[in-house]
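Please look over the sequence and the model shown here before reading on. The paragraphs that accompany them go from the overall layout to individual side chains.

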Amino acid sequence: MATCTTTATSFLPTSANAIEFVPASPYFTGTYGDAIDILHAQRIACDNIEDVITRGDLNEAGFKLMQVSSQTRMGGKIILDEWQMQGIPLQTMNVNTNRNDNALGTSVSNTSTNKSVDTLRLLKAQKKFGALMDTCDECTVQVENALRGKLGTSAVAQIKLLTVLNDARSAFDDFILEVEHE
């Protein structure tokens, strides 16, 4: 029986050995606040990825973009699931008072109007989250294309990647603005 003495890291390219991996926080509890923190951390990671792309280390950029995509997907899912289960906890119009709208004294409730507003906010957040995930996925695809040489020279590939990454940062900003407590 032969034994293998080679470690798993010896199979990785030498540049990949320098790639840092940041594990999930041991304090992560899956709450709304944790999800917001994840989104902020991944938005900051996009700024770091810009530096990595500028240096020309596309392998590291690809690895980091995969992390950003998976962490963002998890954070966004937590937020949208909470919005769906408990109603939108942010900036909702808490107007459940009855008012006298006609001469006969019939009460009209704003509850159905509030539910419509909440539904529209949820749909808007879902749309922004979908756009964010699309741009994250597009970043990953473009890095893969650059590594395969499909984007042309290194400088041209870097410019294209930075453009797509800028779109991802804008999508992050839009989604975070939509879901963050004020």
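What follows is a walk through this model, from the chain as a whole to selected residues.

The model is a predicted one, in which local features need a pLDDT of at least 70 and side-chain atom pairs count only at pLDDT 80 or more, while totals for chains, interfaces and linings use all residues. Residues are numbered from 1 along each chain as its sequence is written, and side-chain values use heavy atoms, with hydrogens and water left out.

The chain contains 5 helices and 2 strands, where helices (H or I, at least four residues) and strands (E, at least two) are DSSP runs numbered from the N terminus. Read from the N terminus, the order of these elements is α-α-α-β-β-α-α. Of the 182 residues in the chain, 35% are buried; here buried means under 20% relative accessible area, exposed means over 50%, and partly exposed is in between, with a 1.4 Å probe and protein chains only. The chain exposes about 11100 Å², of which carbon and sulfur atoms supply 57%, the areas coming from the Shrake-Rupley method with a 1.4 Å probe, and for residues only the protein chains shown count as cover. Among contacts (heavy atoms within 4.5 Å) between residues at least 6 apart in sequence, 76% join residues at least 24 apart.

Confidence is described by pLDDT, the predictor's confidence in each residue from 0 to 100. Its mean over the chain is 77, and 69% of the residues reach 70 or more. Over residues 1-21 the pLDDT is below 50, and this stretch has 12 contacts in the model beyond near neighbours in sequence. Over residues 90-108 the pLDDT is also below 50, and that stretch has 29 contacts beyond near neighbours in sequence.

The next topic is charge pairing. Side chains of opposite charge can pair when their charged atoms come close. A search of the whole structure finds 11 salt bridges, each being a side-chain nitrogen of Lys or Arg within 4 Å of a carboxyl oxygen of Asp or Glu. In one of them, Arg169 is joined to Glu50, with the closest N and O atoms 2.6 Å apart. Arg169 lies in helix α5 and Glu50 in helix α2 (residues 32-55), so this pair ties together parts that are 119 residues apart in sequence. Arg169 is buried, with a relative accessible area of 11%, whereas Glu50 is partly exposed at 28%. Both residues belong to a network of salt bridges that links Arg43, Asp47, Glu50, Arg169 and Asp173.

Another salt bridge is formed by Arg121 and Glu178, at 3.7 Å from N to O. Arg121 lies in helix α4 and Glu178 in helix α5, so the pair ties together parts that are 57 residues apart in sequence, and both residues are buried. Glu60 and Arg55 also form a salt bridge, their closest N and O atoms being 3.2 Å apart. In that pair Glu60 counts as buried at 8% relative accessibility, while Arg55, at 56%, counts as exposed.

Which rings pair in this model? The structure holds 1 aromatic pair, and its members are Phe129 and Phe175, whose ring centres are 5.3 Å apart and whose planes lie at 45°, so the pair is tilted. The criterion is that rings of Phe, Tyr and Trp (its six-membered ring) have centres within 6.5 Å, with planes under 30 degrees apart counted as stacked, over 60 as edge-to-face and the rest as tilted. Phe129 is in helix α4 (residues 111-147) and Phe175 in helix α5 (residues 154-179), 46 residues apart, and the pair thus links distant parts of the chain. Both Phe129 and Phe175 are buried.

Arg73 is placed in helix α3 (residues 58-86) and is partly exposed, with a relative accessible area of 38%. A polar contact of 3.3 Å joins the side chains of Arg73 and Asp137; the term denotes a pair of N or O atoms within 3.5 Å, where within protein one must be able to donate a hydrogen and the other to accept it, and residues adjacent in sequence count only if both atoms are side-chain atoms.

Finally, Gln142 lies in helix α4 and is buried, with a relative accessible area of 14%. Leaving aside neighbours within four places in sequence, Gln142 is in contact with Leu151, Leu161 and Val164.
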